[in-house]
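Here are a few exercises to work through with the viewer open. Try each task before you read its solution.

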Amino acid sequence: MKIVGLSGSKVGSKTRTAMNYTVKALQEKYPDTEVTLIDLAEYDVQFSDGRNYMEYEGDTKYVAETIMEADAIVIGTPVFQASIPATLKNVFDLLPVNAFRDKVVSILVTAGSAKHYLMVEQQLKPILAYMKAQMVQTYVFIEEEDFHRKEIVNDDVLFRIGRLAEDTVVLTETFSQIREAKEAEYDF
């Protein structure tokens, strides 16, 4: 199973910190999974211009292809101006409309306060549904007060990150089994 953690911002450290915890939880609990962390701050991703994602080169091609090859994706995003960052939206724009078909997508959000809790429901989940993702319905929302010196200091948040990792793997395995059983019915 291939899981990609996507840290969807070029600035700040809280989302990357939370994604590091998530990747660690996945690797410790599921050592047989292949986990790749893509931090958009480390890549020079071009703006989408409507081309097929395979026609891009360099970092843009690597990011798009790695996401497309994944069985599951954990999207980590901060909240900027009550929305997702442009860097994350650009990645969605680079991919085909059915990019997340047969993929499980889970969500981790960092924000300054609880005021932005519904951003996921009103903005991110509709985009992922449009792109055909099978979503882990519960997500981890982490506030400013849950961090101290680039560490997560809230035990409940750490528990929820562990649970998100577990739910991501279990849902991916379940959907894979369902697809295999359905394909076996066609007998060709």
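Two residues count as in contact when their heavy atoms lie within 4.5 Å. Keep in mind that this is a predicted model.

**Exercise 1. Work out where V45 sits and which residues it touches.**

Step 1: find the spot. V45 is in the loop between β2 (34-39) and α2.

Step 2: Buried means under 20% relative accessible area. V45 has 19% relative accessibility, so it counts as buried.

Step 3: list the partners. Leaving out neighbours within four places in sequence, V45 is in contact with L40, T60, V63, N90 and L94.

Step 4: take one of these partners, V63. V45 and V63 are 18 residues apart along the chain, and their C-alpha atoms are separated by 7.8 Å.

**Exercise 2. Say which residues of α3 are buried and what covers them.**

Step 1: pick out the buried residues. In α3 they are L88, N90, V91, F92 and L94.

Step 2: look at what lies over them. The cover includes β1, α2, β3 and α4.

**Exercise 3. Is M119 buried or exposed, and what does it touch?**

Step 1: M119 is in helix α4.

Step 2: M119 has 3% relative accessibility, so it counts as buried.

Step 3: list the partners. Not counting residues up to four places away in sequence, M119 touches T77, V79, A82, S83, I84, V109 and L124.

Step 4: M119 and S83 are 36 residues apart along the chain, with their C-alpha atoms separated by 6.3 Å.

**Exercise 4. Describe the largest pocket and its lining.**

Step 1: start with the volume. About 190 Å³ of space lies in the largest pocket.

Step 2: go to the lining. It has 18 residues, and the closest to the pocket centre are G12, K14, T15, P78 and T110.

Step 3: assign elements. α1 (14-29) and β4 each give two or more residues to the lining, and α1 has the largest share, with three.

Step 4: The lining divides into six nonpolar, seven polar and five charged residues.

**Exercise 5. Which loops hold Q81 and K150, and are these residues buried or exposed?**

Step 1: apply the cut-off. Exposed means over 50% relative accessible area. Q81 has 80% relative accessibility, so it counts as exposed.

Step 2: K150 is in the loop between β7 (147-148) and β8 (151-152). K150 has 58% relative accessibility, so it counts as exposed too.

Step 3: check the backbone. Phi is near 50 degrees for Q81 and near 60 degrees for K150. Each is a positive value in a residue other than glycine.

**Exercise 6. Where is V153, and which residues is it in contact with?**

Step 1: V153 is in the loop between β8 and α5 (155-186).

Step 2: V153 has a relative accessible area of 47%, so it is partly exposed.

Step 3: list the partners. Leaving aside neighbours within four places in sequence, V153 is in contact with E145, D146, F147 and H148.

Key: Residues are numbered from 1 along each chain as its sequence is written. This is a predicted model: local features need pLDDT of at least 70, side-chain atom pairs count only at pLDDT 80 or more; totals for chains, interfaces and linings use all residues. Side-chain values use heavy atoms; hydrogens and water are left out. On a 1 Å grid over the protein atoms alone, a cavity is a set of points where a 1.4 Å probe fits but cannot get out, and a pocket is an open set with protein on both sides within 12 Å along at least five of seven lines; lining residues have an atom within 4 Å of a point. Grid points are joined across faces, edges and corners, and a volume is the space filled by probe spheres set on the points. Helices (H or I, at least four residues) and strands (E, at least two) are DSSP runs, numbered from the N terminus. Ala, Val, Leu, Ile, Met, Phe, Trp, Tyr, Cys and Pro count as nonpolar, Asp, Glu, Lys and Arg as charged, and the others, Gly among them, as polar. Buried means under 20% relative accessible area, exposed over 50%, partly exposed in between (1.4 Å probe, protein chains only).
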